[in-house]
Amino acid sequence: MLKFMDLFLVVLTAGFFFWGLSKRIRNWSIGIPEDRNQNLKEGIRSLLIDGILHKKILEDRYAGLIHLFIFFGFIVPFCVVLLTQIVFTLPAFPAKLLSLFLDILAAAAITTVFLAFIRRYIFRNPRLDNRPQDITALLLIFFILVSGLFVEGIRLSVIGGESQAWAPLGKAVASIINGTGMSLNTKQTLAFIFFRIHFFLVLGTIASIPFSKLFHAVSSPMNILFRSQKPKGILTHINLEDEDAETFGISKIEEFTWKHLMDLDSCMRCGRCQEHCPAFQTQKPLSPKEVIDKLGNHMRRRSPVLLKARSSGKTAEETPPLVDAVIPGDVLWACTTCRSCMEHCPVYIEHVDKIVDMRRYQVLMEGKFPNELTLAFKGLETNSNPWGMSRESRGDWMEDMNVPLMSDTSFSEIDFLFFVGCIRSYDDRNKKVTQAMMRIFKHLGVKFAVLGNEEGCCGDPARRVGNEYLYQILAQTNIETFRRYGIKKIMTTCPHCYNTLKNEYAQLGFTCEVLHHSQWLQRELESGKIQFKEPFAKSVTYHDPCYLGRYSGIYDPPRHVLKAVPSLCLKEMTLSRRDSFCCGAGGGWMWMDEKIGQRINLKRLDDALETNAGAITTACPFCITMFSDAVKDREIEEKVKVWDIAEIAERALLGKEENPSEPVLKPSSDSESEIS
Ligand code: SF4
Ligand code: SF4
């Protein structure tokens, strides 16, 4: 049992730990309130599976296993010692079993500390940046484990006998000690010294947790517990009519919510977000890891100042706005909002929300944004499409197709409203996909209608670049139209429209069932209403669009459609499903020119070409444009065709021969005159 002095030290350590913890938590209190009282059961489930059992960390097997063993190698012996010293004493046999378990765990933990060192300092994994706090944490854990092992070894060398059989690693250390021929007295002195070293190291490490890198062991599980349970594609709603609001968007650290500030303290700088970021991978100035790190450092500097000012009833000295002072503007605008960072972050840090919130301040309060967006905003304001093409020509794609209009029918007479979207309405290449869907509908006798010139942009392009004001105007206009026609179900071929209509319009009070065409095609195939007959004797590769895959979890329906086509051979890219690499068009980049580094669409084209497939398929108008542009750039458009799954389905259903690779209208400031 622990002696009084030791107990006093344990209590002192606990006090220091909780004092430090409360200081860190108080830092988050400068943030604005946010209701994260979600489904507690789901939060706890996530905490157990992702936080304790390391499910998400283990997605990177090697690094995950290293973290798992170090985590359990530190936590489990600590808990066991604490319980067996203070709460109860185990009977002989369970004690032996526990001894064996701890021995194995210690061996695994010491080995993995070595592996972590090799990974960090010998092979220098490029996604890790080494700082003094990293080596300090590794060394502390190493010395705790080794000193614990020595204590055990000396103990076994003294008591010997049967107990050694239950601790093979301890037995090995005991044999070495016995081999030195030291006396019992010396052993006892050594045991005392090593126990004291071990004991002080453990207490010191625990006391230092709130002030060191090891704090993530506390903050990350909390972050996982309070992770967002909203649909992935929903950005924070801004009440633009709030008369008390002085600003919109984020320009100061204290304008983030407490949960966003907790995020900043939960990052363990593992670099997974950066490794999967298309902007970082193509030499743009953005690293999501650095964004979180810089905001975190700023918060830790700024919070105590704000808290002190608050407690003394004074106003803290103003600091320059975050953008440019902490996060350079070009970093902010480099993001494609692909969500790959968030999907791969083991502790559920929400990068995209922070980036869009900072963009919002730039656009709404400062009027600062990349030049190319001026045209897109103007087009959206005047004609409800980012190219500013005439609103009256929105329905030109249906010329001579006899497409039913919503204004000529009522919702009770149709199964769904077909929401075409801007790109599928105006872009010549993408119009073909819309027309392919029309021919499928007509062939099957589907009851549907379109809005024609009454349709407007769903608002996604404005929202992702921070123009919340414009987004809400566009969204409200569509919502009024939907309400006027009593719309209950919508189908779209655009994953961006899909996410916005399905998830984000609910923030403005409109909900209805929304389907992506891949889901509808899958359902019709499964019900037998669609039967593909025409073979497609080609190998194709499928690119998962970010807003369909990572955002909406729709990975299987498009593959189901492709696999149902006779003779079609589906070849997967190395980066597919949730690992899919962005096409480069999201987050406003469809309307901006990539001037820095490699073009994202060309990098993704390389991924597709690696499969040696004869065609690239996808299910998003943004991706169709970016791939068509990329094959044209590489002058391989005759060799590698780009298809939407709707076009392949039409061909398989109707046997229609069609070359999908017509010239593509790449929207940019240069091509504006060509479009309008
Ligand atoms: S959303 Fe995509 S582009 Fe933006 S930071 Fe995350 S990974 Fe990078
Ligand atoms: S934000 Fe997440 S993925 Fe990125 S370095 Fe931090 S913990 Fe790792």
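Residues are numbered from 1 along each chain as its sequence is written, while chains are lettered from A and ligands numbered from 1 in the order in which they are written. In this predicted model, local features need pLDDT of at least 70 and side-chain atom pairs count only at pLDDT 80 or more, but totals for chains, interfaces and linings use all residues.

**View 1. The shell around ligand 1.** Ligand 1 is surrounded by 15 residues (C-beta atom, placed from the backbone, within 6 Å of the ligand). The closest are Cys277, Pro288, Cys335, Cys338 and Cys341. Helices H11 (278-281), H15 (340-344) and H16 (351-366) each give two or more residues to this shell. Helices here are DSSP runs of H or I with at least four residues, numbered from the N terminus. By type, the shell has 9 nonpolar, 5 polar and 1 charged. Nonpolar means Ala, Val, Leu, Ile, Met, Phe, Trp, Tyr, Cys and Pro; charged means Asp, Glu, Lys and Arg; the others, Gly among them, are polar.

**View 2. The shell around ligand 2.** Here 14 residues surround the ligand. Cys267, Cys270, Cys273, Lys289 and Cys345 are the closest. Helices H10 (272-275) and H12 (288-311) each supply at least two shell residues. H12 gives the largest share, 3 residues. The shell divides into 9 nonpolar, 2 polar and 3 charged.

**View 3. The buried residues of helix H17.** Which residues of H17 are buried? They are Leu373, Ala376, Phe377, Gly379, Leu380 and Asn383 (buried: 20 or more other C-beta atoms, placed from the backbone, within 10 Å of the residue's own). Ser384 follows H17, and its phi is positive, near 60°.

Note on methods
Buried ≥ 20, exposed ≤ 12 C-beta atoms within 10 Å, placed from the backbone.
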